[in-house]
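Have the structure open while you read.

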Amino acid sequence: MSDYQQLHHVSDDIGPIFVLEDNDFRILSFGDNDEQSKILKAQPHVPQHTYIQAMLAVLLFSKPKSAIILGLGGGGLVHALRRYDAAIKLTAVELRKDVIEISKRYFQLPIGKKLNIVHQDGGDFLAKAEHKRVDVIFADMYIEQGVDEKQLTTEFIENCHKGLKADGFLVLNCWKEHSKSELLKQTLSQHFANVYATLTGGGNWVIYASKQPQSFSAATNKQQLQQLSQQLDYSVSRSLTRFTQWE
């Protein structure tokens, strides 16, 4: 990332936060060789990371009217969901206040009445359960060292289940090594009717857990894949080449 120019730098109790850019891209980084978020400045709605592309594949199985995003970062999920349907009510929960301010200032965050930004730990937000139940929860809580282990706990999974509507989905972004976690798989299976996952080219293990039984046939339906790809402005099928039931 030496080719990038540093636009902004600040530190909080957790560590440093950098904003970097070149001619086309802008990056949010928490440390050396770290990309927390990346946007194409001319088209911020097009996700640049394969894990965000994979997380958005849940739109094949759900047509949400409301969603919670745990971990705002540079707002990549917000941008893409706004492109998909500007009417979705979004609540984005972010632990670090500076990240919220940076996403507004440097990452073209689409502020509006349909977006509620909460400065709070995502696990605490779910535990307090002061929000209305939603159709989808996107859990993408990361620090420089990797996944926030809180989002892999039984308590967190249970609180996600409680925070979803009867036909809701949890989309959980993990690392490849978590695909070997029997405890995580068992916890999800105890609370959700179906659990599917895909391994991304970037080494992420993205999980889709549904409260109601689902066929997930849309993951292989060419017409539905093409339609969603047109809506989101990238090829969704590339995210699902290693899509499988996790059992």
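In α2, A80, R83 and Y84 meet L228, Q230, Q231 and L232 of α7, where contact means heavy atoms within 4.5 Å. Sorted by type, the residues of this contact are four nonpolar, two polar and one charged. The axes of α2 and α7 come within 8 Å and cross at roughly 110°, which makes α2 roughly perpendicular to α7 (65 to 115 degrees counts as that). Axes here are lines fitted to C-alpha atoms, for helices over the stretch in contact, with angles from 0 to 180 degrees between N-to-C directions.

A word on provenance: this is a predicted model, with local features needing pLDDT of at least 70 and side-chain atom pairs counting only at pLDDT 80 or more, while totals for chains, interfaces and linings use all residues. Residues are numbered from 1 along each chain as its sequence is written, and side-chain values use heavy atoms, leaving out hydrogens and water.

Now the sheet: it is open, with four strands in the order β1-β2-β3-β4 and antiparallel pairing (strands pair if DSSP finds at least two bridges between them). β1 and β4 are the edge strands, each pairing on one side only. On average, neighbouring strands are turned by 10° against each other, direction ignored. β3 and β4 run antiparallel and are joined by four bridges; L28 stands opposite S37 in β4.

Helix α3 lies across β1, β2, β3 and β4, running at about 155° to β1.

| Helix | Residues |
|---|---|
| α2 | residues 76-84 |
| α3 | residues 97-106 |
| α7 | residues 222-232 |

Helices are DSSP runs of H or I with at least four residues, strands are E runs of at least two, and both are numbered from the N terminus.

Methods:
Parallel < 35°, antiparallel > 145°, perpendicular 65-115°, else oblique. Nonpolar A, V, L, I, M, F, W, Y, C, P; charged D, E, K, R; others polar.
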